[in-house]
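Keep the structure open and try each task before reading its solution.

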Amino acid sequence: TRTCALAFSPASFASQGGAAESAHAQIIRYVDNLGPAGSGLDWANTTNDLQDAINDAEQQRVFDGVDSAEVWIKVSTAPHRPTRDIAGNLTPADPRDRTFTIPPGIKVRGGFQGVEAGEDERSITDARFTVLSGDFQVTPNDPTDDSYSVVRVPPTPPLGPNEERSSLLNHCVVTSGNANGSIAGQGLQGPRSSGGGLYAIG
């Protein structure tokens, strides 16, 4: 079936390219989808939009000239749903093109309580997965209006000998993707007929 549910923990999904990651100051953005729309710079000022946090982390990564940045997600009773397509449009022509886009170099980690200062303080349990859902609730429990791909990972760009780009999705459940689209007319959105849970180009 093309409707897909996936879980990533603790080994996670990782898409890698390049050499081993070098030590550098860690960039982290913090997410609580039931909280206010804060800066995302710490747990006291979480953003409530996961894609905003991913985009901000990527912008900071590029600005700092480092290999990676992280997004930490507080566990929630409500799923995270994509808000824009892979090009960043909030109102794409086909609403089902909305997806979470994780660029190379961004590591997304779920299951935090919202108090941790380090990743090793996170307590991993099956009850504390972060849920990423492609069910937009247009018609609840109807997969025909779900996201074609809940998560997309773009290809890794050409890298220098000491560069590394690893995308990571850790301790998350990906659910309610439905890759039942046609190949014709897919354009920049990429395939709509495969990768209902996650579509990655290595």
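**Exercise 1.** Work out whether Y30 is buried or exposed.

*Solution.* Y30 has a relative accessibility of 11%. Buried means under 20% relative accessible area, exposed over 50%, and partly exposed in between (1.4 Å probe, protein chains only), so Y30 counts as buried. This is a predicted model, where local features need pLDDT of at least 70 and side-chain atom pairs count only at pLDDT 80 or more, while totals for chains, interfaces and linings use all residues. Residues are numbered from 1 along each chain as its sequence is written, and side-chain values use heavy atoms, leaving out hydrogens and water.

**Exercise 2.** Find the aromatic pairs, and say how Y30 and W43 are arranged.

*Solution.* Rings of Phe, Tyr and Trp (its six-membered ring) pair if their centres lie within 6.5 Å; planes under 30 degrees apart are stacked, over 60 edge-to-face, the rest tilted. Searching the whole structure gives four aromatic pairs. One of them is Y30 with W43, at 4.8 Å centre to centre and 65° between the planes, so it's edge-to-face. W43 is buried too, because its relative accessibility is 16%.

Next, take W72 and F112: with 4.5 Å between centres and 10° between planes, this pair is stacked. Both residues are buried.

**Exercise 3.** Which residue lies over the face of F112?

*Solution.* A charge sits over a ring if NZ of Lys or CZ of Arg is within 6 Å of the ring centre and within 35 degrees of the ring normal. For F112, that's R122, at 4.9 Å from the ring centre.
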